[in-house]
Protein chains: 2
Amino acid sequence: MTAEEILQRHKLKNTGCRKFILTELLRSDSALSEEEIKKPFPELFDRVTFYRTLKTLEEQHVIHRIVLHDNSVKYALNGHHSDQNPVHAHFHCGKCDEVLCLEGKSHFDAELPADFVTREVFVVVEGLCAGCNHPS
Amino acid sequence: MTAEEILQRHKLKNTGCRKFILTELLRSDSALSEEEIKKPFPELFDRVTFYRTLKTLEEQHVIHRIVLHDNSVKYALNGHHSDQNPVHAHFHCGKCDEVLCLEGKSHFDAELPADFVTREVFVVVEGLCAGCNHPS
DNA sequence: TTTACAAATGCAACAATGCTGCAAATATAG
DNA sequence: CTATATTTGCAGCATTGTTGCATTTGTAAA
């Protein structure tokens, strides 16, 4: 799957900034912050363009935001999930800062007060990844 | 439980800003943002003092931060929970913006990759509260 | 291919928030 | 009451979020 294919599939214009962001996210196993995405070419696009492009891609459900407990934000490509499951869970390694999607691998239950309705559930698991837990 | 008692219990000096923040949190059923805490007397303390006081209270485990999916932050008093349960779950009403603690009322499970370790789990349930779901 | 238009981009600018250093004020232990 | 460590207020800077507007660009239709 290429950046261009993703954009076509979502009927979005094939622009430089969009291609760049999607390409970087495709290259990465883990979710990336805005800064991490920009890293290879920090000055390639204007700050505001970057900001607006991320916003658009999120609104169009191409990518999703992950808000960590330290208030920082990372972005990841959306999978082809059914969107039936309202639980969005991610793992964040406190040492190497990597973020992993736990889609389909987690379960959450809560007893809400009467008449409360759940729309979405956002979970961030803070911990250590295998590499950081057992540094060899 | 008064603000002074809480401060004594944590061996913290009994200062104006601390008392003010704790008093406002004690008065409220739901978690409050910095702005919401300040609301009654917006100019009573300097912006930086407020910022640093919240940070201190959090570091001393008097209050905890709740980071919502829109990146905003709310604060709530810590209960007397055993701290055995690493899951911190809160409900956020997307309409009236209230935040409720779901402590002890939720359960989370995830299949992590081998050798990954969980330290803490932060959950935000986005939805509608009873009042906003069934406006009478 | 050219044209036309909506959309995307870059730039300027401002708001909100996070954060640090330092001097003055203050809480509390003795 | 005094001494001292802590807290506070102020000035100021960094980062991030956001908007308006003029210019450029992608794409669909002529």
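The following paragraphs go through a predicted model of two protein chains and two DNA strands. Local features need pLDDT of at least 70, side-chain atom pairs count only at pLDDT 80 or more, and totals for chains, interfaces and linings use all residues. Residues are numbered from 1 along each chain as its sequence is written, chains are lettered from A and ligands numbered from 1 in the order in which they are written, and side-chain values use heavy atoms, with hydrogens and water left out.

Start with the two protein chains. Two copies of a chain are related by a rotation about an axis and a shift along it.

Six strands form an open sheet in the order S4(A)-S3(A)-S6(A)-S6(B)-S3(B)-S4(B), with mixed pairing. Strands are DSSP runs of E with at least two residues, helices are runs of H or I with at least four, and both are numbered from the N terminus; two strands pair if DSSP finds at least two bridges between them. The edge strands, which pair on one side only, are S4 (99–101) of chain A and S4 (99–101) of chain B. Within chain B, strands S3 (residues 87–93) and S6 (residues 117–128) run parallel and are joined by seven bridges. His92(B) stands opposite Glu126(B) in S6(B).

Now turn to the DNA. Around DNA strand D are 19 residues, of which Arg47(A), Tyr51(A), Thr15(B), Arg18(B) and Arg52(B) come nearest (a residue is near a strand if one of its heavy atoms lies within 4 Å of it).

DNA strand C is surrounded by 18 residues, with Thr15(A), Arg18(A), Arg52(A), Arg47(B) and Tyr51(B) the closest. A side-chain N or O atom of Thr49(A) is 2.9 Å from a phosphate oxygen of DNA strand C, and a polar side-chain atom of Arg52(A) lies 2.5 Å from a base oxygen. H4(A) gives the most to the surface near DNA strand C, with five residues.

Notes
Least-squares fit on C-alpha atoms with pLDDT ≥ 70 in both. Polar contact = N/O pair within 3.5 Å; in protein donor to acceptor, adjacent residues only side chain to side chain.
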